[in-house]
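The following report describes selected features of a protein chain. Please consult the sequence and the coordinates alongside the text.

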Amino acid sequence: MAKITLDNLAHSYLPNPGSEDDFALKELNHDWEDGAAYALLGSSGCGKSTLLNIISGLLQPSQGRILFNDRDVTHQATAERNIAQVFQFPVVYDTMTVRDNLAFPLRNRGNDEAYIAERVQEIGRMIDMEDMLDRKARGLTADAKQKISLGRGMVRKDVNALLFDEPLTVIDPHMKWELRTQLKKLHHEFGHTMIYVTHDQTEALTFADKVVVMYDGRVVQIGTPDELFERPEHTFVGYFIGSPGMNVIPAKVEGRTAYVEGSEVPLGAGYGPLEGKVELGVRPEFVRLSADEGLPVKVRRVEDVGRHKIIRAEFFGSDINIIAGEDDVVGADMNRVVFDPAHVNVYANDWRVQGAAA
Ligand code: ADP
Ligand code: MG
């Protein structure tokens with residue numbers, strides 16, 4: 001197991017990159033703590049696989065270094081880095097049995113056969129394929145083959161890190177939940193450093209101790225699920241995480257007061273002069289409908305989603321979402337909204353500004 005350090009790392013797929021736009025991965029410095037479970041979260045094309053493949057050694061970065069436990073591995077081949085990687089689509093040996101596929105990484109490392117037999121049985125149980133161990137991989141469904149790939153990724157206990165690149169894409173929904181639980185269990189048991197790539201926030205938030213959010217080739221925030229919820233450092237984190245995501249509202253900010261379309265909105269902290277595009281970010285959980293105070297809205301639709309209600313409304317020509325309790329009544333006269341000042345974040349050019357408490 002290892003701490004993984006990214007030092008001044010950046011990558012461009014172009015031979016002679018010029019501006020920042022030419023980089024699929026913008027400059028990045030980060031320590032992945034030994035033994036932590038991370039999710040790497042972001043929409044398609046933001047650079048997740050690029051980063052993972054640099055860590056595993058499938059890709060040579062155009063700039064910077066990678067260190068495992070402070071040892072430079074930038075120019076080491078994948079095999080020398082002693083890691084397991086599982087990809088989005090299955091990589092299995094069709095002519096081998098499921099058992100031999102699972103045993104492969106262990107045989108490769110020269111483990112003894114008694115240990116291999118026991119460990120393969122254990123993994124077979126974890127991926128729910130115990131009764132298929134003697135079948136050839138050929139002819140199995142994509143779903144079953146992907147479970148073999150996952151099993152092979154998990155079979156060795158002595159790896160530096162486990163890297164998963166959207167491994168549950170072809171797995172059916174029920175099994176997804178089951179396998180994610182198994183991965184978490186594996187993490188608790190062996191404490192591997194794990195990096196799990198996904199574009200699905202639920203998957204990221206349920207799997208990881210820490211979530212690394214990427215946007216357009218850049219890591220925009222690394223935090224616990226709570227931190228991402230309470231203090232999104234970038235507007236992208238605010239609306240990508242949460243359902244619905246954070247409301248982002250153009251505003252002017254002066255001291256402890258914001259002005260939205262000329263109306264005053266009290267803030268929970270004080271702010272100095274701000275440059276560029278200034279916005280308020282407030283999660284739907286911290287917006288309340290009211291009949292007699294706040295800013296005007298037009299309620300469009302109320303969705304009952306069980307635990308709570310989502311209210312979709314129009315706010316100065318844009319959309320705003322509000323979350324209310326399942327028993328809250330949405331009266332026809334409720335055409336105003338109030339923001340909870342302690343939960344209003346202020347953004348300048350999409351980055352969160354830390355306010356000064358009174
Ligand atoms: P993600 O895994 O988050 O979907 P990728 O890391 O695969 O994103 O891709 C990041 C960016 O790099 C995208 O714009 C993608 O088109 C580009 N890219 C990925 N692989 C290559 C490649 N082999 N050659 C050129 N461009 C690539
Ligand atoms: Mg990818």
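Helix α1 is followed by glycine 57, whose phi is positive, near 95°. In this predicted model, helix α1 spans residues 48-56 and is largely enclosed by the rest of the structure, because 8 of its 9 residues are buried. The buried residues of α1 are Lys48, Thr50, Leu51, Leu52, Asn53, Ile54, Ile55 and Ser56.

**Backbone geometry in loops**

Positive phi also occurs in residues other than glycine. Asparagine 69, which is not a glycine, has a positive phi of about 45°. Asparagine 69 is situated in the loop that runs between β4 (63-68) and β5 (71-72), and its relative accessibility of 41% places it in the partly exposed class. For asparagine 349, phi is likewise positive, near 50°. The loop between β21 (344-348) and β22 (351-353) contains asparagine 349, and this residue counts as partly exposed at 42% relative accessibility.

A further backbone feature concerns a proline. The peptide bond from serine 243 to proline 244 is cis, with omega near -5°. Proline 244 belongs to the loop between α9 (235-240) and β11 (247-250).

**Overall dimensions and content**

The chain has 358 residues, of which 51% count as buried. Its secondary structure comes to 9 helices and 22 strands. Taken along the principal axes, the C-alpha atoms fill a box of roughly 75 × 50 × 35 Å. Among contacts in the chain with a separation of 6 or more, 66% are accounted for by residues 24 or more positions apart.

Two packed helices are described by the angle between their axes and the distance between the axes.

The axes of α3 and α5 come within 7 Å and cross at roughly 30°. Angles under 35 degrees count as roughly parallel, and α3 and α5 are therefore roughly parallel to each other. Their crossing is right-handed. On the α3 side, the contact is made by Val98, Asn101, Leu102, Phe104 and Pro105, and on the α5 side by Ile148, Gly151 and Arg152. By class, the residues of this contact comprise 5 nonpolar, 2 polar and 1 charged.

Helices α3 and α4 pack at an angle of about 130°, with their axes 9 Å apart. This angle makes α3 oblique to α4. The crossing of α3 and α4 is right-handed. Helix α3 contributes Arg99, Leu102, Ala103, Leu106 and Arg107 to the contact, while α4 contributes Glu113, Tyr115, Ile116, Arg119, Val120, Gln121, Ile123 and Gly124. The contact of α3 with α4 divides into 7 nonpolar, 2 polar and 4 charged residues.

**Salt bridges**

Side chains of opposite charge can pair when their charged atoms come close. A search of the whole structure finds 20 salt bridges.

| Lysine 145 | Aspartate 94 | 3.3 Å |

The salt bridge between aspartate 94 and lysine 145 has its closest N and O atoms 3.3 Å apart. Aspartate 94 lies in the loop between β6 (83-86) and α3 (98-108), and lysine 145 lies in helix α5 (residues 142-154), so the pair ties together parts that are 51 residues apart in sequence. Which accessibility class does each partner fall into? Aspartate 94 counts as partly exposed at 30% relative accessibility, whereas lysine 145 counts as buried at 18%.

Arginine 99 is partly exposed, with 27% relative accessibility, while aspartate 134 is exposed, at 58% relative accessible area. Arginine 99 is also one of the residues through which α3 contacts α4.

Arginine 125 counts as partly exposed at 48% relative accessibility, and glutamate 130 is partly exposed with a relative accessible area of 35%. Elsewhere, salt bridges that share partners join Asp7, Arg65 and Asp72 into one network.

Technical notes
Residues numbered from 1 in each chain as written. Chains lettered and ligands numbered in written order. Predicted model: local features only at pLDDT ≥ 70, side-chain atom pairs only at ≥ 80, totals over all residues. Heavy atoms only, no water. Salt bridge = Lys/Arg side-chain N within 4 Å of Asp/Glu carboxyl O. Helix = DSSP H or I, 4+ residues; strand = E, 2+ residues; numbered from the N terminus. Buried < 20%, exposed > 50% of the residue type's maximum accessible area, 1.4 Å probe, protein only. Axes fitted to C-alpha atoms, helices over the stretch in contact; angles between N-to-C directions. Parallel < 35°, antiparallel > 145°, perpendicular 65-115°, else oblique. Left-handed = near helix turned anticlockwise from the far one by under 90°. Contact = heavy atoms within 4.5 Å. Nonpolar A, V, L, I, M, F, W, Y, C, P; charged D, E, K, R; others polar.
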